[in-house]
Amino acid sequence: MIEIMFRGRGGQGAVVASEILGRAFFLEGKYPQSFALFGGERRGAPVVGFLRVDDEPILLKCQIKHPNYLILLDISLIEQEEIGKEVVPGGKLLINTHNSIEYFKDLRGFTIGLVDAASIARNLGLGGNFNMAMLGAYVRLTNLIKLETLIEAVTKMVPSKREENIQAVKDAYEQVRVYEAEG
């Protein structure tokens, strides 16, 4: 079983991203379980999306505390020291940022994917909706599902600006910078 955590703010699409990624895993024959935890019921409040995936039906019904993969839509939500305690050893991080890898020196024990998903989305006219870009980068970082399968899930589940969101997936897939764990 793999466990994925999405951290973002209300309105960034963390929950929708976890549902669409779950659908992509389902299309590849896996059993996904997606759920969310909300802070305040308002736009901009911290939101955490969870996704479990396995080859067998998942009966576990609890929050994910130590994910294999952490997807950070908003880096201001968590300190680097907290990330080190939260993600399992050998886990992978995907961070929406324009910063270089040197900014994340305390996290070099993890494989890290850096992508400026917000910029990709803005350039495609998606405004602050960069969650699909994050999924494209996730596919490249992990190689757990095919890019074509993710695009199929996006096509089926995204209600508007479908072509722009698919392009965001493709652009982020190409632009994510992957740094293998050190030490």
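This is a predicted model: local features need pLDDT of at least 70, side-chain atom pairs count only at pLDDT 80 or more; totals for chains, interfaces and linings use all residues.
**Exercise 1.** Determine which parts of the chain the salt bridge between Glu3 and Arg52 links, and whether each residue is buried or exposed.

Solution. 
- Step 1. The contact is a salt bridge between the two side chains, with an N to O distance of 2.7 Å.
- Step 2. Glu3 belongs to strand 1 (residues 2-9) and Arg52 to strand 3 (residues 46-54), so the pair links distant parts of the chain, 49 residues apart.
- Step 3. Buried means under 20% relative accessible area. Glu3 has 16% relative accessibility and therefore counts as buried. Arg52, at 1%, counts as buried too.

**Exercise 2.** Find the salt-bridge partner of Glu86 and state what the pair ties together.

Solution. 
- Step 1. The partner is Arg7; the closest N and O atoms are 2.8 Å apart.
- Step 2. Glu86 sits in helix 2 (residues 80-86) and Arg7 in strand 1, so the pair ties together parts 79 residues apart in sequence.
- Step 3. Glu86 and Arg7 are both buried.

**Exercise 3.** Locate Asp55 and Lys30, which form a salt bridge, and classify their accessibility.

Solution. 
- Step 1. In this salt bridge the closest N and O atoms lie 2.6 Å apart.
- Step 2. Asp55 is in the loop between strand 3 and strand 4 (69-72), while Lys30 is in the loop between helix 1 (14-27) and strand 2 (31-38). The two residues are 25 residues apart.
- Step 3. Asp55 has a relative accessible area of 47% and is partly exposed. Lys30, at 29% relative accessibility, also counts as partly exposed.

**Exercise 4.** State how many salt bridges a search of the whole structure finds.

Solution. The search finds seven salt bridges, among them Glu3 with Arg52.

Technical notes
Residues are numbered from 1 along each chain as its sequence is written. Side-chain values use heavy atoms; hydrogens and water are left out. A salt bridge is a side-chain nitrogen of Lys or Arg within 4 Å of a carboxyl oxygen of Asp or Glu. Helices (H or I, at least four residues) and strands (E, at least two) are DSSP runs, numbered from the N terminus. Buried means under 20% relative accessible area, exposed over 50%, partly exposed in between (1.4 Å probe, protein chains only).
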